[in-house]
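Please examine the sequence and structure shown below before reading on.

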Amino acid sequence: MPARESPEYSMTGINGRRKNVGRRKDKGMAERLTKTGARNVFYGGSIFFFAIFVGLTAHSHYYIRTTSTDETTLTDGVARGKHIWEKNACINCHTLLGEGAYFAPELGNVWTRWGGHDDREGARETLGSWMAAQPSGVEGRRQMPQFNLTDDEIKDLADFLEWTSKIKTQNWPPNEAG
């Protein structure tokens, strides 16, 4: 009976001849990755990725403060308009720059869709008329409730929507439709 060849002692080369490679020393996982090594990989990786996270977060805040939004145009009317937006829970139905519910149209670009960049007063009148006409009562359509906003509140809401339309959103939403 021929001696069994063990892969630990010999190996067949490219030309078909056997080569003696010696005995493999297989001491298992302990020699390759010790507990200390595993701990170092874990802590080192955690610290590395935490540093990446902190750096990206800081960069995002810097981008928002310096490039994406224009703080110089942030007026009291814009702040009051945002308060009206929050008080009436508009985000429960509408989206604003992709955030919120998808029941009603996106309002981050409504100012642009209503021609506010070309005719500011016309867009304000459109917003006021739209708000006054709600709910429309059309069967089978989603209905917006009547909030009974004053003229000043509608003006402030218009200021807020105008301000949000000027935020650099890197082409979001992808279409102009609401």
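## Basis and terms

Helices are DSSP runs of H or I with at least four residues, numbered from the N terminus. A pocket is found on a 1 Å grid over the protein atoms alone, as an open set of points where a 1.4 Å probe fits, with protein on both sides within 12 Å along at least five of seven lines; its lining residues have an atom within 4 Å of a point.

The model is predicted: local features need pLDDT of at least 70, side-chain atom pairs count only at pLDDT 80 or more, and totals for chains, interfaces and linings use all residues. Residues are numbered from 1 along each chain as its sequence is written, and side-chain values use heavy atoms, with hydrogens and water left out.

## Largest pocket

The largest pocket holds about 610 Å³, a volume being the space filled by probe spheres set on the grid points, which are joined across faces, edges and corners. Its lining comprises 27 residues, with H94, A104, P105, W130 and M144 nearest the centre. Two or more lining residues come from each of α4 (110-113), α5 (120-132) and α6 (151-165). The greatest contribution is that of α5, with three residues.

By class, this lining has 19 nonpolar residues (Ala, Val, Leu, Ile, Met, Phe, Trp, Tyr, Cys and Pro), three charged (Asp, Glu, Lys and Arg) and five polar (the others, Gly among them).

## Second largest pocket

The second largest pocket has a volume of about 190 Å³. Of its 13 lining residues, K82, L96, F160, W163 and T164 are closest to the centre. Both α3 (76-87) and α6 give two or more residues to this lining, and α3 gives the most, with five. The lining of the second largest pocket divides into 10 nonpolar, one polar and two charged residues.
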